Amino acid sequence: MDDLSLIGRIKRKDQEAMVTLHARYADLLYSIAYRMLNETSSAEEVVQDVFMKAWQNAAQFDDQRGPVIAWLIGITRNLAIDHLRQRGRQIETTGDRSLEDSEEITGFNLPDDWQDRERVNSLRFAVNDLPAEQRQVIELSYFGGMSQSEIADYLALPLGTVKTRMRLGLQKLRDAWLKE
Amino acid sequence: MNDHHSSSDLLPLYALGVLSEPERAQIEAWLAQSAEAREALKEYQAMFTALAATVPLRKAPASLTSDFRDRLAAIATNAPAPQKSGKLPVRRLRWVVALAALLLIGITGIAAYALVVAQNNAQTLQAILLNNKATRVALVPQNGASGTLTFIRVDSNSNCVLEGQLPLLPSEEQYQLWLVNQNGERESSLVFDGVQEFHQWLMAVPDVNDHYVAVSITVEKRGGSTIPTSPPVFANQLPE
């Protein structure tokens with residue numbers, strides 16, 4: 001059963017459909033939450049809260065605004081960022097750490113109807129190719145929910161430097177994304 | 001032109017949700033008037049969704065999904081704690097006024113609690129009715145009884161549902177539903193009145209861990225009995 005059918009049933013309060021959705025995406029959302037929080041119990045908590053929010057707010061899901069997985073990822077990011085804010089933001093960026101370890105990951109259980117499956121790989125390589133300082137500011141923004149000013153404070157850099165790194169890095173990612 | 005460049009730079013940050021209030025207002029004004037900007041935003045949103053999927057894969061603990069299933073079931077079956085009523089003002093009031101206030105608060109609290117329980121029961125009932133794994137067993141009239149009844153149960157759910165209609169009884173009598181376990185013991189689940197129109201009753205399963213093999217309904221004195229005292233008027237076996 002595809003995601004949209006599942007959501008239709010979840011809107012009618014079908015618990016089994018909700019459990020199916022959970023089983024389908026728990027690994028992916030857990031990986032994202034763990035990447036942001038770097039801690040297993042908080043990541044587990046976030047995942048459970050994500051699906052509980054999805055259960056409670058399924059009626060608000062609008063497929064015109066994107067696929068189900070995008071909606072779930074958005075909730076995951078928001079909840080993980082809330083956790084980070086509560087504990088005073090201790091973000092781990094990849095920094096000099098190579099992303100090669102992620103190359104062996106052949107892909108998550110992404111929905112079949114997600115047209116961007118191939119582009120995810122291109123994006124992964126583009127992220128890996130970014131200069132460390134550009135990757136760092138993007139990660140702080142994406143995985144840490146930080147504004148450019150907050151990143152500048154966090155890294156003790158001039159705001160202009162952060163903006164430049166961010167702009168250059170995002171431009172490279174966008175080019176890779178649109179190239180496919 | 002500068003504004004456009006500035007907005008273009010801010011657009012991905014808008015998609016990330018990390019802009020300040022004035023910056024967000026600037027972008028939203030731009031989005032409102034530019035279809036090109038809206039398209040670009042869609043692309044960024046798709047790209048950032050994909051970016052999340054580039055993180056190294058970690059297996060979630062195997063228990064996470066079963067825990068979530070339990071959490072959902074608990075929401076569907078557990079009545080919430082009674083809502084707290086408002087605090088009494090700490091004043092020197094005459095005792096009659098205080099008593100009246102207490103009474104009013106008590107009534108309000110009970111009414112609020114009753115409303116919460118009723119809403120919760122309705123949700124629980126709907127969750128069972130909509131569950132595609134629910135077992136539905138039509139109860140067969142016995143000994144000349146009339147009416148139609150269906151017994152609905154979801155495995156491991158601590159509640160079940162009876163739906164249908166059956167004749168009214170004299171005021172001193174009520175129907176009583178019994179679940180029969182593997183040992184032939186009959187456990188009372190519901191005491192209820194007849195209804196002329198279709199009705200749904202939510203009831204608690206006496207022991208959620210027990211394996212029930214049959215359902216029967218008898219006519220008992222009002223308030224119910226500890227054991228069946230009359231032949232069943234409805235009955236049927238439950239599937240394995």
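**Close-up views of a predicted two-chain model**

**View 1. Confidence along chain A of the predicted model.** The chain A average is 83, and 83% of its residues score at least 70.

View 2. Where pLDDT is low, predicted coordinates should not be read in detail.

**View 3. The contact between chains A and B.** Chain A brings 48 residues to the contact and chain B brings 37. On the side of chain B that touches chain A, the elements giving two or more residues are helices H1 (2–16), H3 (35–52), H4 (63–77) and H5 (95–130) of chain B. H3(B) gives the most, with 9 residues. By class, this side of chain B has 22 nonpolar, 8 polar and 7 charged residues.

**View 4. The hairpin of S1(B) and S2(B).** Strands S1 (residues 135–141) and S2 (residues 148–153) of chain B run antiparallel, joined by 5 bridges. Thr135(B) stands opposite Arg153(B) in S2(B). Between the strands lie 6 residues. In this hairpin Asn143(B) takes a positive phi near 55°.

**View 5. Pairing of S1(B) with S8(B).** S1(B) also pairs with strand S8 (residues 234–237) of chain B, in the antiparallel sense, over 2 bridges. Here Pro141(B) stands opposite Phe234(B) in S8(B).

Technical notes. Residues are numbered from 1 along each chain as its sequence is written. Chains are lettered from A and ligands numbered from 1 in the order in which they are written. This is a predicted model: local features need pLDDT of at least 70, side-chain atom pairs count only at pLDDT 80 or more; totals for chains, interfaces and linings use all residues. Two strands pair if DSSP finds at least two bridges between them. Helices (H or I, at least four residues) and strands (E, at least two) are DSSP runs, numbered from the N terminus. pLDDT is the predictor's confidence in each residue, from 0 to 100. Two residues are in contact if their C-beta atoms, placed from the backbone, lie within 7 Å. Ala, Val, Leu, Ile, Met, Phe, Trp, Tyr, Cys and Pro count as nonpolar, Asp, Glu, Lys and Arg as charged, and the others, Gly among them, as polar.
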